[in-house]
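Here is a walk through one protein model. Keep the sequence and the 3D view side by side as you read.

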Amino acid sequence: MTFAPQPPLAAYHDDRSRAPQLSALTECDTELVSIGVMLSRCAQLRQLSGGAMETVRLRLECLTQATRAMKSANRAVPWSAKGIAVDARVLSMAVRSVADIAEDGGALRLANALLYLASQELGVESGAVERGRIVAQRGRVARKSGNTDAAEILYAEALEVAQREHSDELHARAEIGLGTMAWHRGNLPATRTHFSAALAAATRGAATEQAAMAHHGLMLVAAADGALDDAIVHAWAAFRDVAGDRVREGDALLNVAQTILAYGEPTTALRAFAAALSRPLPKRLELPALGGAAIAAATLGDTATLNRLVARIDVIAAGGDMPYERTSAQADVVSALAQVNDPSVETRRAAVMRAASAAAFHAIAFRMENLRTTTTEPKPAVFTPTDVQVVFDECDALSPGAVHALL
């Protein structure tokens, strides 16, 4: 099955139609669409004689627009837009970066269009590994769009390129994608295998971003196994790997908060959720952050904060994209409301079970079926309680007194 792209402007209108309550999907919608249109024009010029100079100009303008988009989204710009020509690998990296902004804003169709155009226009010049990165990123976009068949094919293709080109960093990217697919299907052994392979590859290749993602995946597996000491230390390792990048810090802090909550420390967990939400958290992560914060608030008996969080989740979850994140957040709401004996729990639980079963989100459906069931027996920990206490102390220092002001 293919993951067919639309023309950039049509893709953007399709994305916008799914979020009519928003005035914009990202801080830089105009730049993202403009980059897509210019890449399309470059592809047309390749078919014409005498189009080389105009292609050079358009590529340079794409890089300029990408730089502007990254700054608008408060993201680091790891390239220079100076000069009269643009290296294909640099422009491909720039397009992947802005496609990531589109993806985080829920503009999944535009992200796919940008990535596809970059592959078509720049793929041969940028080299096999860079093409593989685009394939892996398209796999992630396909997964978030609910197109799991296409995602699996794209991840497998990226893994094949990584093995052929001996790229540890691309190998880690592909294993992370496959591990995430396995996690969503509730296959813990496969999840552990893929993320362990990803961490090994990322370590060999000194790929800190991929190492952080691999730690994240291993944290999920450890938490599901009841090895919460291990889960907390993996989560904190992921946070350390991305320190200084506030967007990725928010992602990592969300994981820290979730594992601390599972450990049974709701006060520290709520502070960690607040710290995560204080970063420029991508929209795809806002729902799990709010859902976890709702459970922490419910555990503390803070019904006022809980009600505000549930109201925010209900509004955001009404959209059409990010089906896993929406269903998972609604499951968090059910878990939170069950703790305070809210009368809407059973109605909400039935709705979540229907949605999870229809989408084959087996882990979420099982969670709802066993809402009152105790957790599994803890597994022997690899890390010591002292390691865990260090995480608690450092986490508490991130956002003292900020919880109620933020939530």
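Thr55 sits in helix 3. Helices here are DSSP runs of H or I with at least four residues, numbered from the N terminus. The model is predicted, so local features need pLDDT of at least 70, side-chain atom pairs count only at pLDDT 80 or more, and totals for chains, interfaces and linings use all residues. Residues are numbered from 1 along each chain as its sequence is written, and side-chain values use heavy atoms, with hydrogens and water left out.

Is Thr55 buried or exposed? Thr55 is buried, because its relative accessible area is 11%. Buried means under 20% relative accessible area, exposed means over 50%, and partly exposed lies in between (1.4 Å probe, protein chains only). Not counting residues up to four places away in sequence, Thr55 touches Cys42, Leu45 and Glu121. Contact means heavy atoms within 4.5 Å. Thr55 and Ser34 are 21 residues apart in sequence, and their C-alpha atoms are 15 Å apart in space.

Next, a loop residue. Asn74 is in the loop between helix 3 (52-72) and helix 4. Asn74 has a positive phi, near 60 degrees, and is not a glycine. Asn74 is exposed, with a relative accessible area of 58%.

Ala206 lies in the loop between helix 9 (188-204) and helix 10 (208-224). Phi of Ala206 is positive, about 55 degrees, although the residue is not a glycine. Ala206 is exposed, at 64% relative accessible area.

Now the helix pairs. Two packed helices are described by the angle between their axes and the distance between the axes. Axes are lines fitted to C-alpha atoms, for helices over the stretch in contact, and angles run from 0 to 180 degrees between N-to-C directions.

Helix 4 (residues 88-104) packs on helix 5 (residues 108-126) at about 170 degrees, with axes 9 Å apart. Helix 4 is therefore roughly antiparallel to helix 5. Angles over 145 degrees count as roughly antiparallel, under 35 as roughly parallel, 65 to 115 as roughly perpendicular, and the rest as oblique. The residues of this contact divide into twelve nonpolar, two polar and four charged. Ala, Val, Leu, Ile, Met, Phe, Trp, Tyr, Cys and Pro count as nonpolar, Asp, Glu, Lys and Arg as charged, and the others, Gly among them, as polar.

Helix 12 (residues 246-263) packs against helix 14 (residues 283-300) at about 25 degrees, with axes 10 Å apart. So helix 12 is roughly parallel to helix 14. Asp251, Leu254, Gln258 and Leu261 of helix 12 meet residues of helix 14 including Arg284, Leu285 and Pro288.

Notes
Helix = DSSP H or I, 4+ residues; strand = E, 2+ residues; numbered from the N terminus.
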